[in-house]
Amino acid sequence: MSKIKIGLPSKGRLKDESLAFLKSKNLEVMNSFGERNYFFNIKNNSEIDGVFLHAREIIERINDGTLDIGISGLDLLKELPDVYSQNVKIFKKLNFGFADLVVAIPKDWLDVQNMADLEEVSFEFREKYGRRMRVATKYPNLTESFFLSKGVSQFRVVPSLGATESYPFTGSSELITDITSTGSTLKANNLRIINDGTILKSSACIFVSKKIANSKFLNFLK
Amino acid sequence: MKQGLEKKRLKEDLSKKILSNFKKNKFIFTDLDLLIDTNLLTERSGEQFKKFTLTYKDLFGKEISLRPDLTVSTALKYIQEKKNKEEKYCYYGSAYRLDKEGDLKVFDQIGCEIINSNSDKSENILINSILEPLKKIKKLEVILGDVGLFKVLVESLELPSRWKLRLVKNFSRKEYFEDMLKRLETNYDLDQKAIKLDTKRLQDLEKLDPNEIIGGRTVSEIIKRFNKKIKDPRDSYKGKKNVNIIRDFLNINTSIQKAESAILFFFSKNKLNNLSIKSYLKKISRINKEIGKKYSINFKTNFGRNTDYYTGIVFLACVKKNSKIIELARGGEYNGLLRTLGYKKNISAIGGAINLNELINL
C-alpha cells in the first residue's frame with residue numbers, strides 16, 4: 001500500500017500550531033533530514049511521508065493529487081474556484097488559525113456604516129470621478145462575490161500581494177478587504193471594519209483528498 | 001427537431017427574408033465587431049458583467065470579451081463611426097454568453113436598432129419590424145413593459161433620496177431588489193449608537209481642509225453625505241407602506257388596451273403624483289393604436305428588468321410550448337447606454353433582436 005502524503009504549513013504560527021495539534025494526536029513530526037529540509041516523517045509511523053509547503057500550495061497539491069492530507073486555512077480554499085471543493089474536502093475545522101476576511105474603509109469615512117452605504121457611495125463616486133471605486137485585496141474572488149451579493153457592483157478589484165492596509169492612503173485603492181484576527185493592524189493603519197462587512201469567518205482546517213476520504217488513518221486525526 | 005445542414009439552410013433562408021424585410025423598412029445592414037474592450041463594459045455595468053462573458057487578455061494584458069449581445073456592439077459602432085444623426089442599423093450574428101455553470105452559449109440573432117431619432121414613431125417602427133417576421137406564428141404572445149415607469153413611481157414615493165437611488169439602480173437585479181424591499185419594510189436603516197459616536201468624530205473632521213483626500217474622497221464630500229444621511233432618516237411605517245405600493249405596482253398585468261387606465265387608477269388610488277407619467281402613457285397609447293389590434297399584447301410592469309441598460313419601453317414575443325415559454329424576440333429602449341459607452345450625451349435608442357435558434361426549432 002502506498003504511503004499517505006501529508007502537507008503542513010512551512011512557517012509561522014500556523015506551522016507551530018499544526019505541529020502541536022499533530023503531537024496532541026500522538027503524531028510527532030520529525031525533521032529526520034535536518035532542520036532546513038522541507039521533508040518530514042512521523043515518529044514511529046512508517047505509513048506517512050510529509051512535506052512543508054506554503055499554506056496556499058497545500059490546497060493546490062491536494063487538488064492535483066500530489067498530497068492526500070494537509071492543514072491550511074479555510075479562506076484559501078474558499079478563494080479558489082468551486083471545482084477545488086469537489087476534490088478537496090474539509091475533514092475537520094481546527095481550533096486555531098482564526099481570522100475573518102473583512103471589508104475595511106478609511107476610519108474617517110463617517111458616512112459609511114454598512115454595505116448599503118458603500119453601495120450608494122460607489123454610485124456617487126462613479127458619477128463624480130468617472131471611474132469605479134477600487135478595492136485592494138489578496139482575495140479577489142471572495143471579495144467580488146461578496147460585494148455583488150450586497151448590491152455593490154460599481155467597484156474594481158486591485159490585486160494586492162501584501163501591506164494591503166496601506167493602499168487607500170497611497171492612492172492605489174479607496175478601500176480594502178483583508179484577513180484579520182484582532183483588527184489591530186487595520187486600526188493601526190486608520191482603517192475601520194464595515195458593520196456587516198464580514199466576508200468569511202476562517203480557521204485552520206484539515207483538508208483531505210476525495211480519494212482517501214475513507215482511509216482508516218483519518219481516525220487518528222478526529 | 002431539425003438537424004445539421006437542414007438547420008443551417010433554414011437559418012440562412014430565414015435570415016435573408018428577415019433582413020430583406022428590415023431593409024424595406026430602411027434599416028441598413030452593418031457588420032459588427034466580434035470583440036469588445038472589456039473595460040468599456042465593466043465601467044458601464046460593473047464587475048458582475050464578467051460573470052457571463054468570455055473574457056481573455058491579449059498580448060499586452062488588455063482584457064477583451066466576446067460580444068455578449070449585439071445591441072452593445074451596435075451602440076459602439078455608432079460611437080466609433082462618430083455619427084451624430086439618426087441611424088437605422090440591422091445585423092445578423094452571434095452573441096456569446098456564459099451560463100451559470102460557466103459553459104459558453106451561442107445565440108444567433110438577427111435584429112435592428114434605431115439610434116438618435118427624434119421621431120415619436122421610432123418605437124412603433126422598431127417593434128413592428130421585429131414582430132413582422134413572426135406574425136404568422138400561431139398563438140404568438142407579446143409582452144410589453146416600460147421600466148421608466150418604475151422610476152416615476154419611485155420618485156413619487158415618500159422616501160429618502162438615497163433609497164430612491166438604490167431602488168432604481170438595482171431594479172434590474174431581481175434577487176437583490178427583493179432583499180432591499182425586505183430591508184425597507186422592516187429595519188430602521190440608521191445605527192443610532194454609531195451615529196452618536198460619529199457625530200463626535202465629525203467635529204474633528206470639520207477642522208480639516210475640506211479638499212483633503214481620505215481614501216479617494218474629499219473631506220467635504222464625506223461631511224456632506226454624513227449630514228444628509230442623519231437629517232434624512234427613513235420612517236419605518238412609511239417604509240412598509242412604500243413596499244406595499246411597489247409590490248402592488250409590480251403586479252400590474254393587463255391587456256395593452258387597458259394599460260393606460262390601470263396605471264392612472266393605480267397612481268390616483270395611492271395618491272401619488274402622476275404628472276410625469278403622461279409622456280409614458282402617450283407612448284403606450286401610440287403602440288396600442290399602431291399594433292394593439294395586430295397582436296395579442298399584455299402590459300406588465302414587472303417585465304424587462306433583466307437587462308440593466310433598458311430605460312423605457314421593453315418587449316418580448318414568445319409562444320408557449322408544452323407549458324414552456326419560448327422567447328422568439330425581445331428588445332427595448334436604451335436611452336442612457338451610448339453615453340455610458342463614451343458618447344458625449346444621452347441619446348434616444350431602441351433595438352430588438354429575433355432569436356434564430358428558437359425560431360427554426362418551432
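This is a predicted model: local features need pLDDT of at least 70, side-chain atom pairs count only at pLDDT 80 or more; totals for chains, interfaces and linings use all residues.
1. Chain A has an open sheet of seven strands with mixed pairing, and the order reads β2-β3-β4-β1-β5-β12-β6. The edges belong to β2 (29-30) and β6 (88-93) of chain A; each has a single partner strand, so one side of each is left without a neighbour in the sheet.

2. One pairing is worth a look on your screen. In chain A, strand β5 (residues 69-73) and strand β12 (residues 204-209) run antiparallel and are joined by five bridges.

3. Next, the helices. Helix α1 of chain A, residues 12-24, lies across β1 (4-9), β2, β5 and β12 of that chain, and runs at about 135° to β1(A). Helix α2 of chain A, residues 55-64, lies across β1, β4 (45-53), β5, β6 and β12 of chain A, at about 140° to β5(A).

4. Now for the partner chain. Contacts link 23 residues of chain A with 25 residues of chain B. Which elements of chain A give two or more residues to the side that touches chain B? They are β7 (99-106), α5 (115-129), α6 (140-149) and β9 (155-159) of chain A. Of these, α5(A) gives the most, with four residues.

5. A last word on the make-up of that side. Where chain A touches chain B, the residues fall by class into 10 nonpolar, five polar and eight charged.

Notes. Residues are numbered from 1 along each chain as its sequence is written. Chains are lettered from A and ligands numbered from 1 in the order in which they are written. Two strands pair if DSSP finds at least two bridges between them. Two residues are in contact if their C-beta atoms, placed from the backbone, lie within 7 Å. Axes are lines fitted to C-alpha atoms, for helices over the stretch in contact, and angles run from 0 to 180 degrees between N-to-C directions. Ala, Val, Leu, Ile, Met, Phe, Trp, Tyr, Cys and Pro count as nonpolar, Asp, Glu, Lys and Arg as charged, and the others, Gly among them, as polar.
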